[in-house]
Amino acid sequence: MSYYLRAAGLGGALALSLAAAAPAAVESEDPIRMTLHDWTGQLVTTNLMARVLEEAGYNVDLVQADYLAQFAGLKTGDLHVAMEIWETTGREAMDEATADGSVVNLGSTGMEAIEEWWYPAYMKEACPGLPDWQALNDCAEAFATAETAPKGRYLGAPVTWGGFDDERVEALGLDYEVIHAGTDAALFAELESAYQRQAPILLWVYAPHWAPLKYEGEWIEFPPYSAECYNDPSAGLNPDAAHDCGKPRGPIWKVAWSGVADKWPGAAAAIEAFTIDNDTMGGMIARIDLDGEPLDDVVADWMDANEATWKAWIGQ
Amino acid sequence: MTWQPSRAVWMWLVLLAVTLALARWAGPMAVPGWMQIDMAGAVSRFMDWLVNTASFGLFTFKDLTRAIAQAIEWPYQAVRMALVEGWVEGRRSEARTILPPISWIGIIAIVTAMGVYARNWRLGLFVGACFLYLAVFGQWESAMVTLASILIAVPIGIAGGLVLGIAGAVWPAFDRVQTPFLDLMQTVPTFAYLVPILFLFGFGPVSALIATVVYAMPPMVRITTMALKSVPSEIRDFGVMAGCTPRQRLTRVLLPTALPDLMVGVNQVIMLSLNMVIIASMIGAGGLGFDVLNSLRRLDIGRGIEAGLAIVALAIALDRLSQAFATRRPGAAGDGARHMRWWVVLAAFVAATTLLGYVVPALQSYPEAWTVTTRSLWSDLVKWININYYDQLEAVKNVLLLNLLLPFKRFLLALPWPWVLALITLAGWQLGRGRLAALCLALGLFIVVNGLWEPAMTTLYLCGISVMIAALIGLPLGVLAASSERAGRIIGTGIDLLQTLPSFVYLIPVVMLFRVGDFSAMIAIVLYALAPAIRYAAHGLRSVPEEIVEAGAVCGCTRWQILTRIRLPMALPEIMLGLNQTIMLALSMLVITALVGTRDLGQEVYIALTRADTGQGIVAGVSIAAIAIIADRLIAAGARRTRRKLGLEPAHP
């Protein structure tokens with residue numbers, strides 16, 4: 001009982017404690033602490049995995065933690081599993097943490113992260129050359145505001161998310177000014193506002209996310225990404241600058257504290273086996289964020305519909 | 001009355017001219033390499049040592065902090081069980097409720113009874129209505145999660161504040177040591193120390209509780225020290241003559257005498273804890289704060305506003321309740337044996353509704369079918385403004401941005417830093433001689449050697465403009481509020497709403513209407529910082545001695561002359577203190593406005609938070625505190641001087 005007391009609600013409203021006496025024999029009854037972040041897709045992924053582990057008899061705690069700050073906890077074993085580390089934004093932090101072996105990569109979630117410049121479909125009228133990036137300079141006026149004129153205005157991600165947009169604008173000679181939004185919420189608030197008025201906007205959008213599902217639009221097609229283009233100035237269109245290409249696309253990884261495999265080998269194997277694809281995830285995100293359905297219901301529906309899939313992960 | 005510019009005024013006019021010339025022709029100056037110190041790195045290394053190595057022999061420092069976390073976790077879980085989850089055994093699918101949480105009807109009955117006990121039926125019904133609002137608008141469960149953390153954070157804050165405050169009153173040396181720390185606790189933004197707290201106390205609601213306590217405790221410490229010191233010496237002497245031991249003197253004489261003042265501190269702790277709800281939810285506190293963040297993240301403006309208003313309802317209920325307790329006289333309703341049975345009835349009612357919850361679910365939790373929502377109304381309203389008035393708003397924004405904000409920003413960024421340092425030091429010298437000058441110089445240098453000059457100037461620009469606009473709006477509103485009781489009440493309600501509504505709620509609609517950037521940040525800062533400008537102005541105007549006003553009337557002054565020649569000059573010190581508070585609030589908003597993409601010290605703190613960089617966060621946070629302290633000391637010295645000139649305070653060296 002006292003144990004339950006401690007475990008209950010460790011992570012606030014969303015930290016549904018699933019701890020209890022386990023029906024099946026598992027290696028350890030200590031709760032596996034999985035982290036929750038602030039975007040819906042990650043909440044779905046983590047809750048799905050938690051439900052599956054729970055079916056296998058493990059105890060799970062869901063804990064609210066910051067995306068990058070969580071690595072401190074994963075290294076010491078305060079936190080155990082993080083279900084979504086994006087190649088595009090979390091690579092450096094992940095490499096740093098896995099370098100000394102205290103954190104291990106448990107493979108891809110099967111989802112592909114896309115991050116790129118994006119515009120709503122109605123902007124094609126004002127700028128018929130899109131989505132080719134070379135058309136951007138012709139339409140700089142169309143995307144301009146009083147502050148940035150005559151340059152176009154591009155609304156970039158929060159500074160901390162990286163992405164090299166300032167470097168990209170420089171390297172490709174784009175007539176645009178990069179304005180950094182402070183958060184995801186501010187970014188999409190501007191998109192919503194512009195979309196309501198069918199007004200010009202050019203901004204950073206990522207997937208899997210509800211925005212590309214709700215709003216009709218396209219990603220700009222930059223010269224394709226390559227590692228050389230980012231690291232070697234001489235590669236790519238501009239011989240004197242790096243980052244003269246689009247952004248990388250890449251897997252979303254699962255990572256865990258290295259002790260997970262020793263303490264809960266079955267759980268580690270199940271987490272490693274977990275995969276899901278972009279479309280399935282997009283559909284679930286849309287039901288939650290656009291239709292307002294409770295996350296628990298959406299997760300439960302998936303569990304019912306895909307019993308064979310998740311039973312295979314836990315070897316049943 | 002002709003105004004003779006003094007020598008000091010002439011000097012400042014000349015200095016202003018030089019400043020303008022420097023900004024025009026000299027331009028910014030780089031800080032030489034030898035002056036830059038890696039203080040951030042040192043702080044980070046110290047933190048590493050504290051978390052990983054520091055030890056007391058038998059146990060490490062981290063063991064100690066984790067034990068503290070456990071000690072807080074336990075009562076927190078107990079309160080949560082009582083209010084939210086109940087005593088549940090088993091997993092989701094086969095969960096068995098052994099004891100349900102206290103029913104919503106029961107909690108409303110309890111708070112109503114507290115209102116009646118503290119004052120009268122009117123207050124009881126008001127507090128009950130606030131809580132009923134939470135149920136009707138479907139915010140009950142989140143509100144109870146928030147209430148649970150308040151119920152834990154507030155007693156810790158009060159107890160800690162009392163202990164430190166008493167220590168400060170007993171040992172003046174201790175007071176002198178702790179005062180600068182209290183200054184820092186109140187001015188360093190919370191984001192700056194979230195990372196070290198997370199490292200030491202672990203991830204979860206306990207860390208959020210500790211951050212809340214750090215933020216909410218300082219006023220309690222200050223008020224305790226002040227209240228104990230200001231107990232009249234006759235009462236002190238009486239305690240000595242009655243033969244009290246020092247401990248008896250404290251607990252039987254001093255603390256009871258100071259009780260009304262102490263209750264003001266309790267009220268402050270409650271309100272500041274509620275201010276922290278949003279930030280605490282970022283690191284796992286859950287509750288209403290999480291609802292606000294989560295809805296705005298998916299641009300569900302209506303839901304965000306509803307959850308925000310629920311925080312306001314909770315805040316107002318707790319505020320009125322604690323104020324009523326502060327002024328409660330013994331012998332009011334609820335005292336004495338004959339009221340005993342009322343308490344028995346209440347307890348029986350709460351127990352009955354809670355237990356009946358087994359049979360009738362509607363008693364247990366407010367039925368979803370009865371909830372009301374205004375969600376679509378709010379988002380439709382923002383959409384309607386957006387579609388119909390965006391162009392007009394944009395035009396106003398562009399005029400202000402291009403003619404006021406951007407030129408001012410360029411001007412400040414163009415100033416060479418040694419000149420600015422010299423100016424603030426000189427201002428310190430003029431207003432407070434050597435000590436103040438040294439303080440200003442030292443704090444300014446702190447920013448310089450840490451390489452934060454540019455973000456600091458951006459901070460100055462954003463806050464400066466916002467404070468100016470807040471003062472321009474606040475002063476006339478303050479005059480209006482002071483002119484009649486009715487206007488005062490209406491404006492007062494508006495101020496309360498603005499101060500308790502989490503700023504994040506209106507930040508997102510503001511971004512929708514004014515885009516990401518400094519202008520949106522400025523609007524959010526002005527809205528948040530407006531309250532003290534109005535409140536102090538109104539208070540200052542009201543407390544001008546009536547004799548002086550009447551003397552003016554006898555001399556044949558018109559109403560306008562009475563206002564501009566008598567009331568406003570006499571209220572100047574109060575207005576300056578209000579300005580001071582406005583600056584403090586504006587600075588504390590910076591970290592929130594970093595979320596809409598400003599590039600100032602607030603952004604530095606925010607970046608440090610997301611990168612879990614303790615050193616950078618603390619250094620940038622202390623830089624904000626440095627600006628706040630410089631402004632506070634200079635204005636306080638200026639206000640003292642004016643008061644002396646007006647004869648409101650005896651002149652002494």
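## Helices, chains and domains in a predicted model

In chain B, the axes of helix α8 (residues 190–201) and helix α27 (residues 614–645) come within 8 Å and cross at roughly 150°. Axes here are lines fitted to C-alpha atoms, for helices over the stretch in contact, with angles from 0 to 180 degrees between N-to-C directions. This is a predicted model, where local features need pLDDT of at least 70, side-chain atom pairs count only at pLDDT 80 or more, and totals for chains, interfaces and linings use all residues. Residues are numbered from 1 along each chain as its sequence is written, and chains are lettered from A and ligands numbered from 1 in the order in which they are written.

**The helix pair in chain B**

- The crossing angle makes α8(B) roughly antiparallel to α27(B) (angles over 145 degrees count as roughly antiparallel).
- Residues Phe191(B), Ala192(B), Tyr193(B), Val195(B) and Pro196(B) of α8(B) meet Thr614(B), Gly617(B), Ile618(B), Ala620(B) and Gly621(B) of α27(B); being in contact requires C-beta atoms, placed from the backbone, within 7 Å.
- Sorted by class, this contact of α8(B) with α27(B) has 7 nonpolar, 3 polar and no charged residues. Ala, Val, Leu, Ile, Met, Phe, Trp, Tyr, Cys and Pro count as nonpolar, Asp, Glu, Lys and Arg as charged, and the others, Gly among them, as polar.

**Where the two chains touch**

- Chain A has 45 residues in contact with 49 residues of chain B.
- On the side of chain A that touches chain B, α7(A) gives the most, with 10 residues; helices (H or I, at least four residues) and strands (E, at least two) are DSSP runs, numbered from the N terminus.
- That side of chain A divides into 23 nonpolar, 11 polar and 11 charged residues.

**Domains of chain A**

- Chain A is divided into domain 1 (2–111 + 250–313) and domain 2 (113–231), with bounds from an automatic or database domain assignment.
- Taken over C-alpha atoms, the centres of these two domains of chain A are separated by 32 Å.
- In chain A, 16 residues of domain 1 are in contact with 10 residues of domain 2.
- Helix α12(A) gives the most to the side of domain 1 that touches domain 2, with 6 residues.

**Domains of chain B**

- Chain B is assigned domain 1 (61–373) and domain 2 (377–645).
- Their C-alpha centres lie 30 Å apart, and the contact takes 26 residues from domain 1 of chain B and 31 from domain 2 of chain B.
- On the side of domain 1 of chain B that touches domain 2 of chain B, α15(B) gives the most, with 9 residues.

Definitions and conventions. Parallel < 35°, antiparallel > 145°, perpendicular 65-115°, else oblique. Contact = placed C-beta atoms within 7 Å.
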